[in-house]
Amino acid sequence: MRQSPRTSTYNRLYNTLNHLMCIAGYCCLFIATAGLQPLCAQNRQTITARLHPETHTINIQQEIVFHNNSADTLNNIYLSDWNNAYSGKNTALAKRFGEEFDKSLHLAKEEVRGFTKIIDISDKNFHSVHWERSPSKDLVNVQLNFPVYPGGNALLKLSYTVKLPSDSFTRYGYDEQGNYRMRYWYLTPAVYNGEEWVKYSNKNLDDLYTGRTDYKVIFNYPEDYTLTSDLDIEKDGTVSGIHQTVLRGDNRYDVKLYLEKINSFERYSSGRLSLVTNLQSDELTSGEKAFFTDRIGSFIDDHLGPYPHQKLMVTETEYLKNPLYGLNQLPDFLRPFPEHFQYELKLLKTTLNNYLENTLFLDTRKDKWIADAIQIYLMIKYVETYYPDMKLLGKLSNWWLVRSFHLAEKGYNDQYPLLFMLMLSKNIDQALATPKDELIKFNEKIAGKYKAGLGLIYLENYLSDGSMPQTIKKFYRDYRLKSVSVVDFEKSLKENSYKNIDWFFDEYVSTRNKIDFTIKKVKKTSDSIWVTVRNKERTNVPISLFGVRNDTVLSKYWFANIAGDSTFRIPNNNEKRLVLNYDKIIPEFNQRDNWKSLRGFFSQNRRLKFQFFKDAENPYYNQIFYVPTASYNFYDGVVMGMRLHNKTFTEKPFLIDVVPSLATKNKSLVGSGVIGYRNYLNSGNLYLTSFSLRGSSYHYAKNLRYSTITPTISLGFRTDDFRSNIREALTLRFVNVIREKDETVVSDNDNNDPDYSVFNARYSYSNNGIINYFSWFSDLQVANNFSKLSFDVEYRKLYQNNSQLNIRLFAGKFIYNDTSNDYFSFALDRPTDYLFDFGYLGRSETSGILSQQIIIAEGGFKSKFRDPYANDWMVTTNASFNIWKWVELYGDLGVIKSKYEPARFVYDSGIRLNLVTDYFELYFPIYSNNGWEIAQQGYDQKIRFIVTLQPRTLLKLFTRKWF
C-alpha cells in the first residue's frame, strides 16, 4: 500500500530524530567514559511528599530521570519498592524473618504493616506505562513506551502512597511515640550492570543497590516535628500551616529522614568532618562528645580522605542494627569498659560504615566485604593508636578471679580472630565472596566482617613495607563517588604490592579453604636452622615463622608457595623456639602444633593446666577445665558434680568431657562422660564425621543402678546453602546397658536378664523452620532377643491466618521378638526408654507428678491407658491445631497390635498449652478410650507436661537464629 507524502515525511522525520537521539546517546556515553560528567550521566530524582501522621502514610509525587549508562537498549526499568516488603507474609522480607525464627512479621496485624499503593506511573508525555510487581512484592517492573538507548535518559512520573510500617520489625518506620525513622521509603531504580538488571529484595540487610543519584526532596509535615537528614537544606519554612523542608543532595546513595517530636540530634563540626548524630551517652558532656567526634573525623580523614558532602548523619538506629558485639553489649552497670571508650567505638564503627556506604558505590550484596574490610581494618588501627593497652575483657582482666585466664591476657583487637575462629572451628565459615544474603547471620553480622578486616592485616604483614595505609587511601581517593567493584579493589592492591598477592583473592577471598600449617621437623647446626614446614590443607597462602626466646621475638620470616612439605634454611640466632603464626595474624584452623622447641625432645611436650569454667585456647598448654554442676532425678536426688572437659571457646577435634558426681539421696558416686573425635570436611554435602565413646551411671529406680557404654559413629550432611535449616545424619551406635535387678519384685515391665546390648542405626532428616517444620527418621534396632524397625515423621505449618497445624506419624514393627514382657515393646504414651536417651525425672514412676512427665516419642499419646504396649506393631498419629495463640486442641489416633491378640483402636483428645514448643508444654485430656476424663476423679493426675531443664538445650532457643 502506497504511503501518502505526509505520512512518508513524518516517518523520515521520526527516523532522523531517532538517529540523532542514538548519536547523542553514544556521544554522552563517550564523554562519560572519557571522564567528563555531562548533565545526563547519572540518575536524578525529584520527590514531593506529604506526611500524614494520623495514618502513618506519605503521599508522594515523584519524577525519576533514569540514565542508561550501558551499551544496551533498554525497554524496561526495575524500581525497588522496599517499603512494600512489609505488606504480606510471602515477601522476601517475611521469609527472611522466618528463616531466623522470627514470626513477628508473619503474625503482624495489618495496621502495623507497611505497603505501597501505586496510583499511576507515566512517561514524559503523561502517557501511562504498564507495570507489574515481582513475586517478592518489593520490585516493580516498568515497561517503557519508548526504548532507552545507550547514554540516553528515561523520564518517569509517579504518583503513589506509602504506608510506613511499625519500627518493631527492622527499626525503620514509626515508633510508639509517633516519631519516624525513614529509610527505603520511596521507589528508586535498580541497577542495570551491562548484562542484566540487579534485582535485590529487601531482606533486612540495609543493602539497597541503586545508582548514583542527584536528589531533590520537598517534604511537607506537621509543625510539631523536627526533620533531620544528611541532605543539604535549601529551604525551610511554613506553607499554609504545614512545615515544608526542601532538601538537595548530589551524588547520593539514598535518602534517610528522621522526624521527631523532640529533637534528639546534635551537630558537631570540626575542620575535618561535620557530624549530625543522636548516639546516646548519658555520662559524657557535649564537650567530651565534640572531642571524640573531632578525633574520629581527623583519623578517618587521615586514613581515607575528606568526606565529599557537607555533613554525615550517624544514628543510634544504625548502631543498634550493627552494634559492637561482645562485652560492649552488656548493660552500663555491667560493661567493663570506660564510658568514653564505649561511646568512641560506637561512633567510630557507625561513622566508618556510613562514610564508606555513602561514597563507594559498591554492589552492596556481592562486594560489601570490601567496605567491611576497610571498616574493620581502620577500627583495629584506631585502637592500636589510641588504646593500645585496652584488654578484651576491659577492667575484668584485673579481677583476681579472671586474671589467670588466657582470655584476660588478650588485647581488645584479639576479639576479631577469636570470633572468626569460632565459626571456622564449627565448619560454618563462609567465603568473603559469598553474597550477603547467603551468609549465616553470625557470618553476616560478625565473623565475615572480621575475616575481611583481618585479611588486610594479614596482607599488610606479609608485604611488610608499610604501604597498606596509603594503598587504602589511594583506593578511596580514586573511586570515591564512583561505581566500584572487586576488580577495581584487586587492581589497586596489586598496583602497590611488590610481592605476588594472587593468593589473597584466589584463596582468602574466594574460598573457605582452611589454613593449617605445622612444623614437621627442625635440624640445628652451629650457624643455621633447617626447618621443614608442612601445609596440611594445601591452601596456597603464605605463612610466617618466628624465632622466639623467653617471649621475645628475635627473628621473623615469611614463606610462600608451600604445596606440601618444604624445607627452609634460616640463620641460627640462638632462639629457644620456632613458632608459626606467633602473632595470630593468620586465621589458622589449628594452632596447637605450630611450634617446635630447639632445646631437645622433652621440651616439646605441652604442660597440663587446670582452669575454672572455660577459656580461650592456649596452644602451649593442654587445658582441662573444671565446672561445678548440679542436676536432679528422683532416684539420685540432687546430683552434685565436677565437670572436667577440654572445650575452649573454639571447638577442637578431640573432645573429653566427664562429670564425676555425688548423688545426695543415696550418697553414691554417679556420673557420665564422653571421649570423641570430630572430623570436619570442607567440601561436599558430608561435612562432619564423628567418633565417640559415651558412658553413664545413675539410678533408674530406688537403689537400683544402671550403667551404659556406647560407642558411636555419626555422619552429618547439609546442603550447599548454609542458611538452610536442612540437616541429615546417619548414626550407628552399640548401646550396652548394665543394670542392677530388684530381686524382691517381679514385674512385667522388667526384663528377666537385666543386662543387654542393642545395635541402633538411625537416619534422620530435619528442616526446623518456624513457619514450616518437617522432620523424619528411620530407626533400626537389633538385639539378641528382638529386632524392630520404626519410622517417625513430624510436620508443622503456620498458615496465613496465623493458625498452626501440627501432625506427627509413627509406625513401628518388630522383625522378631522373643522377649517375655513389654520392656522393649512400643509404648503409647510413655516409652520405657531402655536405651536411656530421654531426660526423665522419674523414669520408673507409675504415679505422682513425675509419672505425668511425657516425652513425645513412639505413640505420642497423652492419656494414660491400662495396657499401653504393643509387642508386634503400632501405627499412631498425633495432631493439634491452635484456637487462640498458644492454646491448641489436640487429638491422637492409633492402632496397636500385640502377638496373639487382636488389633486395638485407641484415641484421645484434649487441650494443649504450647507455651514453648518442645521445651515447655501442658496437656489437659478431655475424652479418650477411658471416657470423659475431664469429669473423672483424680483429674489433676491425668494432666501431662513437657519440661526441659538442661541449660544447653534452652540456649538453643536464643542461638538458633545466629547459626
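# Briefing: sheets, helices and loops of a predicted model

Four strands, in the order E26-E25-E28-E29, make up an open sheet with antiparallel pairing. Strand E26 (552-559) and strand E29 (595-597) are at the edges with a single partner strand each, so one side of each has no neighbour in the sheet. From one strand to the next, the twist averages 15°. The model is predicted. The protein contains 14 helices and 49 strands, and the points below take up some of them.

**The protein as a whole**

- The C-alpha trace spans about 110 × 85 × 70 Å along the principal axes of the protein.
- Of the 963 residues in the protein, 55% are buried.
- Among contacts with a separation of 6 or more, 63% are between residues 24 or more positions apart.

- Strand E25 (residues 543-549) is joined to strand E28 (residues 577-580) by 4 bridges, in the antiparallel sense.
- In this pair, Phe 546 stands opposite Val 579 in E28.
- Strands of a sheet pair through backbone hydrogen bonds, and the pairing is either parallel or antiparallel.

**The sheet E5-E6-E3-E10**

- Another open sheet has 4 strands in the order E5-E6-E3-E10, with antiparallel pairing.
- Its edge strands are strand E5 (130-133) and strand E10 (188-189), and each of them pairs on one side only.
- E5 and strand E6 (residues 139-148) are antiparallel and share 4 bridges.
- Across this pair, Glu 132 stands opposite Asn 141 in E6.
- The hairpin of E5 and E6 has 5 residues between the strands, and Lys 137 in this hairpin takes a positive phi near 75°.
- Strand E3 (residues 74-80) and E10 run antiparallel and are joined by 2 bridges.
- Leu 79 stands opposite Pro 189 in E10.

- Leu 158 lies in strand E7 (residues 153-163).
- Is Leu 158 buried or exposed? Leu 158 has a relative accessible area of 2%, and the cut-off for buried is under 20%, so Leu 158 counts as buried.
- Apart from neighbours within four places in sequence, Leu 158 is in contact with Ile 60, Gln 61, Gln 62, Ile 64, Leu 79, Asp 120, Ile 121 and Leu 187.
- One of these contacts, Leu 79, is the residue that stands opposite Pro 189 in E10.
- Leu 158 and Asn 358 are 200 residues apart in sequence, and their C-alpha atoms are 26 Å apart in space.

- Helix H2 (residues 92-99) is mostly covered, with 6 of its 8 residues buried.
- The buried residues of H2 are Ala 92, Leu 93, Ala 94, Arg 96, Phe 97 and Gly 98, and they pack against helix H3 (104-107).
- Phe 101, which follows H2, has a positive phi near 60°.
- Helix H7 (residues 368-386) has 19 residues and reaches 27 Å from its first C-alpha to its last.
- That reach is close to the 27 Å expected at 1.5 Å a residue.
- H7 is also mostly covered, with 16 of its 19 residues buried.

**How H4 and H11 pack**

- Two packed helices are described by the angle between their axes and the distance between the axes.
- Helix H4 (residues 286-303) and helix H11 (residues 468-479) pack at an angle of about 90°, and their axes are 8 Å apart.
- Angles of 65 to 115 degrees count as roughly perpendicular, so H4 and H11 are roughly perpendicular to each other.
- Which residues meet where H4 packs on H11? Asp 301, Asp 302 and His 303 in H4 meet Pro 469, Ile 472 and Lys 473 in H11.
- By class, the contact of H4 with H11 is made of 2 nonpolar, 1 polar and 3 charged residues.

**Positive phi in two loops**

- Phe 126 is not a glycine, yet its phi is positive, at about 65°.
- Phe 126 sits in the loop between strand E4 (115-122) and E5.
- The relative accessibility of Phe 126 is 63%; the cut-off for exposed is over 50%, so Phe 126 counts as exposed.
- Asn 703, although not a glycine, has a positive phi of about 60°.
- Asn 703 is in the loop between strand E35 (686-701) and strand E36 (704-718).

Methods:
Residues are numbered from 1 along each chain as its sequence is written. This is a predicted model: local features need pLDDT of at least 70, side-chain atom pairs count only at pLDDT 80 or more; totals for chains, interfaces and linings use all residues. Side-chain values use heavy atoms; hydrogens and water are left out. The expected span of a helix is 1.5 Å times one less than its number of residues. Buried means under 20% relative accessible area, exposed over 50%, partly exposed in between (1.4 Å probe, protein chains only). Axes are lines fitted to C-alpha atoms, for helices over the stretch in contact, and angles run from 0 to 180 degrees between N-to-C directions. Angles under 35 degrees count as roughly parallel, over 145 as roughly antiparallel, 65 to 115 as roughly perpendicular and the rest as oblique. Contact means heavy atoms within 4.5 Å. Ala, Val, Leu, Ile, Met, Phe, Trp, Tyr, Cys and Pro count as nonpolar, Asp, Glu, Lys and Arg as charged, and the others, Gly among them, as polar. Two strands pair if DSSP finds at least two bridges between them.
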